[in-house]
Amino acid sequence: MEVRYQCVCQQLVKWSDLNSCKECHSISCFRCQEFEPVLKYCPKCLEEPGKIDQIFCNRNCFQCPRCNISLVISSEKVTEDSKSYVFTCTGCKWSFTTPPTGKIKSLTKYVLELYNSKNSRAYELMTHLHNKKQLLQWEGRAFKFDEIVNALEGNAPRSFVQRLAAGEKLHHLINEELAQPLQQDMEHVLYPKRTHLKCRYRYMCPKCHHTLSMPDQTPASSKLHKESFAMNVLPHIRIETEARALGVDTQDPTALAIIVMNPIPMRAVDFVLSASDTLFLPVRKFTIPSVAPDDSQLDRSQGKDVNLQILEHYVKFIPTCMLGNDHKLNRAERTRRLGNRFQFQGSASPTPPNPVDYDIEEEARPLDQGDAWCILPLKLLRDGLHLLNVLVTIGDWQVNLNLHFKQHIATIT
């Protein structure tokens, strides 16, 4: 079921689009964050431009005019003194072959000349209309020839000035048309596009202006020197049908489930839930206790796969409904949980506490729970846009999460 989180800017975004500020603990998305560019580069040759205001790469880098994939450039010898350049797209298989040409200094300038020659008519009309605009300023006014020559100098072609000097009337020049003989429609030709430069940004919190993410300023690197993704810090909450959450068939179309996962199992998280009047919450308060790390229990002796042991430990933190049958680790974990469904095997305390505080119904119980995750019941009262408010407490840090989702009783299967 699609769930959207409400940002401080009131936009509804995905969980992966949120950032959490470590200074003021506010939640923000890229739409409301402040940003500034830190690097501009070409995505093909990974070179930085020579000018600040440059927007295209000038190092013979081209992209497909159809799908924007980088083009492969090759040359074909035509004669002893000339050759053609072939541009090929590996995505949509588009190709372009230049006319035979001699030795050229810059392939980029040569392709631009081909493009300009193809669109020379458009540039000719633009120049003609611009000249008319300059001449219209003098229509109906008394002027001397020297005045209009000085005014048009640098703005109109020399032929206009010479024709005025020869005695041609100003209104003749203004009313002159730039007609073109009727020709057959020419085939539309697409030319290679110059590669657009890309930019990397530093994003800052909209409240305290603290840096949220800082990319590496090396074009060939994609790592972040600083990141603050909310999904790495705050619990992830999903809404599913009860049948899907438990893997059983149910006839109740109003039965939903709240799946809560703690991304950092070594720390405890407290939750307080509230909802709109379209939902009923049997459980309003609960705690996911901390889980002791098992790194010290890894067998690093010869012949033991440490990575496999890490995966065996990680799979314990995945809810049962999300464990597939495509790998033996998932099947082994499912078998381990049979008969011990509501126990926290890796709890830091010797006697695992009950993670749920039942303040609404004495008989309310979680549907399923395990190490660093829990599944709670949720009842759908009527159709509409539903709101679930979750107050998350991690130590002395409190964050208020607003979840929005839409579900109709008649469409639940």
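Two strands pair if DSSP finds at least two bridges between them. Strands (E, at least two residues) and helices (H or I, at least four) are DSSP runs, numbered from the N terminus. With that in hand, seven bridges join β15 to β21, and the two run antiparallel.

This is a predicted model, where local features need pLDDT of at least 70 and side-chain atom pairs count only at pLDDT 80 or more, while totals for chains, interfaces and linings use all residues. Residues are numbered from 1 along each chain as its sequence is written, and side-chain values use heavy atoms, with hydrogens and water left out.

**The chain overall**

- The secondary structure comes to eight helices and 23 strands.
- Of the 413 residues in the chain, 38% are buried (buried is under 20% relative accessible area, exposed is over 50%, and partly exposed is in between, with a 1.4 Å probe and protein chains only).
- Take the contacts between residues at least 6 apart in sequence, and 57% of them join residues at least 24 apart (a contact means heavy atoms within 4.5 Å).

- Seven of the seven residues of β15 (residues 255-261) are buried, so the strand is largely enclosed by the rest of the structure.
- A255, A257, I259 and M261 point one way from β15, L256, I258 and V260 point the other way, and all are buried.
- On the β21 pairing, I258 has L376 as its bridge partner.
- β15 also pairs with β14 (residues 236-241), in the antiparallel sense and over six bridges; there, E240 stands opposite A257.

**Helix α8**

- In α8 (residues 328-337), the buried residues are L329, N330, E333 and R337.
- Looking down the axis of α8, those buried residues fall within an arc of 100°, so they line one face of the helix (the arc is that of the directions from the helix axis to the C-beta atoms).
- K328 and T335 are exposed on the other side of α8.
- The cover over the buried residues of α8 includes α7 (306-314) and β21 (373-380).

**The second largest pocket**

- Its volume is about 330 Å³.
- Of the 17 residues lining the second largest pocket, Y201, Y203, S213, L224 and F229 are the closest to its centre.
- The elements giving two or more residues to the lining are β3 (18-20), β11 (198-204) and β12 (211-215), and β11 gives the most, with four residues.
- By class, the lining has eight nonpolar, six polar and three charged residues (Ala, Val, Leu, Ile, Met, Phe, Trp, Tyr, Cys and Pro count as nonpolar, Asp, Glu, Lys and Arg as charged, and the others, Gly among them, as polar).
- As for terms, a pocket is an open set of points on a 1 Å grid over the protein atoms alone, where a 1.4 Å probe fits, with protein on both sides within 12 Å along at least five of seven lines; lining residues have an atom within 4 Å of a point.
- Grid points are joined across faces, edges and corners, and the volume is the space filled by probe spheres set on them.

**Strands β5, β11 and β12**

- β5 and β11 pair in the antiparallel sense over seven bridges, with F35 standing opposite Y203 in β11.
- β11 and β12 are antiparallel too, over two bridges, and Y203 has S213 as its bridge partner in β12.
- β11 and β12 form a hairpin with six residues between them, and H209 in the turn has a positive phi of about 65°.

**Residues worth a click**

- S20 lies in strand β3 and is buried, with a relative accessible area of 3%.
- Leaving aside neighbours within four places in sequence, S20 is in contact with S26, I27, L212, S228, A230 and W397.
- H225 sits in strand β13 (residues 224-226) and is exposed, at 53% relative accessible area.
- Not counting residues up to four places away in sequence, H225 touches M214, P215 and D216; C-alpha to C-alpha, H225 and S213 are 7.4 Å apart in space, and twelve residues apart in sequence.

**Positive phi in loops**

- Most residues other than glycine have a negative phi.
- H25, in the loop between β3 and β4 (27-29), has a positive phi near 60° and is partly exposed, with a relative accessible area of 27%.
- N60, in the loop between β5 (34-41) and β6 (62-63), has a positive phi near 60° and counts as partly exposed at 31% relative accessibility.
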